[in-house]
Amino acid sequence: MSTLPTENGWNSFQPLRLYEGFWTFPHFLESIILAQHRFKPKPGDIFLCSAPKSGTTWLKALSFAIVTRNLYDTSNSPLLTKGPHHCVPNMVGFEYKPDVRQPGIPLIPTHAPYHCLPKSVLGSDDVKVVYICRDPKDAFVSMFHFAANRRPKENEHIAIEEAFELFCLGRSVFGPAWDHILGYWKASQERPEKVMFLKYEEFMNDSELYVKKLAEFIGYPFSFEEEQGGVVKKLIDLCSFENLSNLDVNKTGKRHEDDDEATNKTFFIKGKVGDWQNHLTPEMANRLDNIVEQKLSGTGLSFELNNGSS
Ligand code: A3P
């Protein structure tokens with residue numbers, strides 16, 4: 001660890017380390033490296049992957065609701081009392097805990113870039129990978145607010161211009177953001193039956209279509225009767241920003257018992273497409289758009305730029 005390049009991140013108390021082309025916090029890195037060496041996939045495992053602030057909480061909630069819909073209905077789902085991050089704890093990417101898989105819930109979330117997933121997963125025909133990405137402008141703004149909310153109160157927060165500068169240099173948690181997205185995009189092109197690529201904006205625009213696609217891809221398709229009976233809509237409503245963000249557990253609950261900054265509330269800010277327009281100048285938006293456009297050019301992937309929708 002100590003031999004890896006280190007730079008200041010968005011705050012002075014958490015430097016970023018560069019590992020296999022990505023910047024991240026040392027404690028995330030340790031868990032990724034441990035997972036690379038130790039993780040043993042089980043048939044049916046589903047990796048839920050994302051860059052930070054790109055829809056992780058939403059993807060966790062929806063996937064949990066999909067795979068547990070025969071165990072719970074929407075009035076007694078654990079999502080109502082535990083929150084998405086406790087219903088689907090991270091195994092890879094935050095802390096490495098090989099035994100957190102709950103019976104019947106084969107969901108494994110991580111922020112690790114695609115090429116940093118355990119080789120056992122990359123080579124497996126029995127594991128599915130779902131990735132959600134988001135317009136980097138919104139992901140940046142979301143990250144900026146998240147970091148501000150989570151910092152120890154005595155620390156002054158970085159100015160948005162300074163954080164933006166670092167983000168454009170690729171220096172953010174799991175940055176460069178465009179390389180994170182591209183790694184999963186290319187994998188989804190090469191192994192479409194194993195790697196699904198989703199966009200937050202598309203999900204927002206047509207949740208019903210994408211929830212059905214997601215359920216089908218991970219091996220829990222909705223039956224005709226379920227579709228007719230409105231099950232898809234019920235799960236979408238259960239996992240909506242409005243519903244989840246208004247639950248007591250997500251207003252006052254904590255992510256980790258001993259961590260006062262990590263309240264569940266910090267995972268729910270606005271849940272909108274295009275909030276960057278309230279925080280970035282047109283020049284900043286253009287600059288980031290140009291970087292992203294250039295990096296994605298020729299890959300077949302693009303974001304609808306500058307109008308806040310995908
Ligand atoms: P904003 O900061 O733009 O509001 P992550 O879950 O990857 O940490 O991303 C957090 C972002 O997703 C935040 O975006 C948050 O508000 C939004 N979010 C959380 N839960 C959501 C949900 N159920 N539906 C839509 N967006 C959600």
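Start with the second largest cavity of this predicted model. Select Trp10, Asn11, Phe13, Ala147, Arg151, Asn155, Glu156, His157 and Ile158, which line the cavity. The volume inside is about 60 Å³. Colour the lining by class: four residues are nonpolar, three polar and two charged.

Next, the largest cavity. How much space lies in it? About 120 Å³. The lining counts 17 residues. Pick Ala51, Pro52, Ala139, Phe167 and Ala177 to find the ones nearest the centre. Now colour by class again. The lining of the largest cavity has 13 nonpolar residues, three polar ones and one charged one. Which helix gives the most to this lining? Helix 6 does, with four residues. Strand 6 (128-133) and helix 8 (177-190) each supply at least two residues as well. In total, the structure holds six cavities of 30 Å³ or more. Rolling a probe the size of a water molecule over the atoms shows where empty space is left.

Stay with helix 6 and select Lys137. Its side chain meets that of Asp289 in a salt bridge, 2.8 Å from N to O. Lys137 belongs to helix 6 (residues 136-150), while Asp289 sits in helix 15 (residues 282-296). The pair links distant parts of the chain, 152 residues apart. Side chains of opposite charge can pair when their charged atoms come close. A search of the whole structure finds eight salt bridges.

Zoom in on strand 4 (residues 46-50). Four bridges join strand 4 to strand 5, and the two run parallel. Show Leu48: its bridge partner in strand 5 is Pro109.

Two backbone details come next. Select Lys53, in the loop between strand 4 and helix 2 (56-67). Lys53 has a positive phi of about 65°, although it is not a glycine. Then move to Pro176, in the loop between helix 7 (160-168) and helix 8. Is the peptide bond from Gly175 to Pro176 cis or trans? This bond is cis, with omega near 0°. For background, most residues other than glycine have a negative phi, and most peptide bonds are trans.

Strands of a sheet pair through backbone hydrogen bonds, either parallel or antiparallel.

Select strand 2 (residues 16-19). Strand 2 pairs with strand 3 over three bridges, in the antiparallel sense. Which residue of strand 3 stands opposite Leu18? Trp23 does.

The last stop is the second largest pocket. Its volume is about 170 Å³. Of the 13 lining residues, select Arg69, Tyr72, Asp73, Thr74 and Leu235, the closest to the pocket's centre. Then highlight helix 12 (residues 231-238), which gives the most to this lining, with four residues. Finish by colouring the pocket lining by class: five residues are nonpolar, four polar and four charged.

Definitions and conventions
Residues are numbered from 1 along each chain as its sequence is written. This is a predicted model: local features need pLDDT of at least 70, side-chain atom pairs count only at pLDDT 80 or more; totals for chains, interfaces and linings use all residues. Side-chain values use heavy atoms; hydrogens and water are left out. On a 1 Å grid over the protein atoms alone, a cavity is a set of points where a 1.4 Å probe fits but cannot get out, and a pocket is an open set with protein on both sides within 12 Å along at least five of seven lines; lining residues have an atom within 4 Å of a point. Grid points are joined across faces, edges and corners, and a volume is the space filled by probe spheres set on the points. Ala, Val, Leu, Ile, Met, Phe, Trp, Tyr, Cys and Pro count as nonpolar, Asp, Glu, Lys and Arg as charged, and the others, Gly among them, as polar. Two strands pair if DSSP finds at least two bridges between them. A salt bridge is a side-chain nitrogen of Lys or Arg within 4 Å of a carboxyl oxygen of Asp or Glu.
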